[in-house]
Amino acid sequence: MLKLNVICPHCHGKDVVRRGISSLKLSSKQVYFCKTCRKKFSTGGLAYKTYSPAVIVAALNQYNLGDTLEETARHVNRRFKVKVSKSTVHLWLHEFADLGNYHRIRDEVLSKFGKDIVVSKEFEHHGLNYNFKYHRGKLGWLGPEFSGLVRYIKAFEQGAPDYSQQDERPSQLRIELKVNFETSYNQACKTVLLCCFSHSPSRLNGTGQTGIKKGRWALSR
Ligand SMILES: [Zn+2]
């Protein structure tokens with residue numbers, strides 16, 4: 001019999017056979033059956049999903065903004081006219097935990113700010129409307145090296161800075177920024193980049209912590 005070069009995602013067994021084609025809303029996909037653990041699976045990222053990436057990303061975002069699983073499901077169902085269940089949202093949270101690290105601070109941010117996480121402010125400048133937003137949890141997470149930036153961003157809550165004297169639009173303002181490559185500022189930048197993009201939490205805070213275990217955060221609230 002033809003040996004398939006497919007490994008079972010559940011038990012990593014190699015004794016796998018084809019078991020039909022699944023038709024989903026967005027694609028059809030080869031289904032496999034693992035003879036070792038007797039589970040079915042199909043391969044390849046988002047391609048086997050019933051729902052589009054837009055729905056999944058919207059659900060992850062909504063949950064991160066403090067909604068419960070039920071509220072998240074309701075939100076995407078209304079917005080995309082789909083029928084996602086709360087358990088599906090729960091599965092996505094686990095499945096896509098590696099997409100970002102925000103889940104590590106979600107609970108902390110929620111307990112600090114409630115659902116009042118994103119500050120949104122509309123203002124007009126030279127006849128143009130601006131929609132200014134920032135994330136209180138993420139901004140609050142920046143270290144003291146960024147206190148100037150934090151102050152600058154928070155000042156927008158009071159309205160746009162007065163640029164009328166320079167008669168320049170904000171996009172044309174030049175801000176002088178000097179970076180000494182061995183400064184703590186530079187080190188802080190690296191830390192932020194690592195925290196945003198690295199999947200290795202132990203490298204981030206220097207404590208050797210292995211980060212939040214999968215499953216803990218998704219079940220809270
Ligand atoms: Zn298996």
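Begin by selecting helices α2 and α3, which cross at roughly 100° and are therefore roughly perpendicular to each other. The residues that make this contact are L69, E70, T72 and A73 of α2, together with K86, V89 and H90 of α3. Their axes come within 8 Å. The model on display is a predicted one.

**Helix α2**

Within the helix, colour T72, A73 and V76, which are buried. Viewed down the axis of α2, the buried residues fall within an arc of 100°, so they line one face of the helix. An α-helix has 3.6 residues a turn, so residues three or four places apart point the same way.

What do the buried residues of α2 pack against? Display α1 (53-64) and α3 (86-95), the two helices against which they pack. Then turn to the face of α2 directed away from its buried side, where the exposed residues E70 and R78 are found. Proceed past the end of the helix to K81, which follows α2 and has a positive phi, near 55°.

**Residue V76**

Return to α2 and select V76, which lies in this helix. Is V76 buried or exposed? V76 counts as buried because 26 other C-beta atoms lie within 10 Å, where the cut-off for a buried residue is 20 or more. Leaving out residues up to four places away in sequence, V76 touches V55, A58, A59, Q62, V82 and V84. To inspect one of these pairs, draw a distance from V76 to Q62: the two are 14 residues apart in sequence, and 8.4 Å separates them in space, C-alpha to C-alpha.

**The nonpolar core**

Now widen the selection to Y51, I56, A59, L60, Y63, A73, V76, V84, V89, W92 and L93. These eleven residues form the largest nonpolar core. Each of α1, α2 and α3 supplies at least two residues of this core, and α1 gives the most, with four. In soluble globular proteins, nonpolar side chains tend to be buried together.

Finally, centre the view on W92, a member of this core. Which residues are in contact with W92, leaving aside its neighbours within four places in sequence? They are I56, A59 and L60.

Technical notes:
Residues are numbered from 1 along each chain as its sequence is written. This is a predicted model: local features need pLDDT of at least 70, side-chain atom pairs count only at pLDDT 80 or more; totals for chains, interfaces and linings use all residues. A residue is buried if 20 or more other C-beta atoms lie within 10 Å of its own, exposed if 12 or fewer, and partly exposed in between; C-beta atoms are placed from the backbone. The arc is that of the directions from the helix axis to the C-beta atoms. Two residues are in contact if their C-beta atoms, placed from the backbone, lie within 7 Å. A nonpolar core is a set of buried Ala, Val, Leu, Ile, Met, Phe, Trp, Tyr and Cys residues joined through C-beta atoms within 7 Å. Axes are lines fitted to C-alpha atoms, for helices over the stretch in contact, and angles run from 0 to 180 degrees between N-to-C directions. Angles under 35 degrees count as roughly parallel, over 145 as roughly antiparallel, 65 to 115 as roughly perpendicular and the rest as oblique.
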